[in-house]
Amino acid sequence: MRELLSARVPVYENASVGLKKLQPIFFSHGMTCHRLSYTGLCMELASCGYCVVTLTHGDGSADYHPQAGFFEEGMNINDYRARNTAVKLREKEILSLVKEFTSHNFLQNFGLDWKFVELSKNVVLMGHSYGGITALGAA
């Protein structure tokens with residue numbers, strides 16, 4: 001535990017912005033996961049200059065969602081109709097997020113000075129497993 005307290009993170013406070021445009025990546029989680037399950041991957045992408053946006057889908061596929069509750073152990077994940085209906089909901093969720101994120105100056109809502117950075121209008125949809133199917137369907 002002592003090693004964690006002395007860990008150093010290689011960042012510079014108030015550093016100038018190196019990129020003028022940020023490429024947005026929208027990430028969709030897999031079955032029985034949620035948006036925080038892929039933190040390492042998303043942080044790596046962000047460290048390469050991407051603006052990574054993740055969401056926890058409300059179709060019941062996440063291990064936990066505030067409105068949908070916990071993932072049901074007895075859920076039949078091979079039920080084509082149920083999975084097809086769920087993936088359509090997931091596609092709507094991610095497309096709605098893309099629309100909201102790119103329709104106005106979303107970055108300024110965070111209260112930071114983003115006057116030197118803009119979002120690229122080209123977005124990337126990405127996901128793992130069931131989230132990959134969601135990304136392909138939404139594309």
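This is a predicted model: local features need pLDDT of at least 70, side-chain atom pairs count only at pLDDT 80 or more; totals for chains, interfaces and linings use all residues.
Residues are numbered from 1 along each chain as its sequence is written, and side-chain values use heavy atoms, with hydrogens and water left out. The chain has four helices and six strands; these are DSSP runs numbered from the N terminus, with helices being H or I of at least four residues and strands E of at least two.

**Overall fold**
- Walking along the sequence, you get the pattern α-β-α-β-β-β-α-β-β-α.
- Of the contacts in the chain with a separation of 6 or more, 73% come from residues 24 or more positions apart (contact means heavy atoms within 4.5 Å).
- The chain runs to 139 residues, and 32% of them count as buried; buried means under 20% relative accessible area, exposed over 50%, and partly exposed in between, with a 1.4 Å probe and protein chains only.

**The nonpolar core**
- The largest nonpolar core is made of eleven residues: L22, F26, C51, V53, L55, I94, L97, V98, F101, L119 and A138. Such a core is a set of buried Ala, Val, Leu, Ile, Met, Phe, Trp, Tyr and Cys residues joined through side-chain atoms within 4.5 Å.
- At least two residues of this core come from each of β1 (21–28), β2 (50–55) and α3 (80–103).
- Helix α3 gives the most to this core, with four residues.
- Setting aside residues up to four places away in sequence, C51 touches L22, Q23, P24, I25, F101 and L119.

**Aromatic pairs**
- Searching the whole structure turns up two aromatic pairs. Rings of Phe, Tyr and Trp (its six-membered ring) pair if their centres lie within 6.5 Å, and planes under 30 degrees apart count as stacked, over 60 as edge-to-face and the rest as tilted.
- F26 and F101 make an edge-to-face pair, because their ring centres sit 5.3 Å apart with the planes at 90°.
- That pair links distant parts of the chain, with F26 in strand β1 and F101 in helix α3, 75 residues apart; both F26 and F101 are buried.
- F27 and Y38 form a tilted pair, at 4.8 Å centre to centre and 55° between the planes.
- F27 lies in strand β1 and Y38 in the loop between β1 and α2 (39–47), so this pair ties together parts that are eleven residues apart in sequence.
- F27 counts as buried at 2% relative accessibility, and Y38 is buried too, with a relative accessible area of 11%.

**G127**
- You'll find G127 in strand β6 (residues 124–127), where G127 counts as partly exposed at 27% relative accessibility.
- G127 is in contact with F27, S28, G132 and A135, leaving aside neighbours within four places in sequence.
- The C-alpha atoms of G127 and I25 are separated by 9.8 Å, although these residues are 102 apart along the chain.

**S129**
- S129 has a positive phi of about 55° although this residue is not a glycine.
- S129 lies in the loop between β6 and α4 (130–138) and is exposed, with a relative accessible area of 52%.
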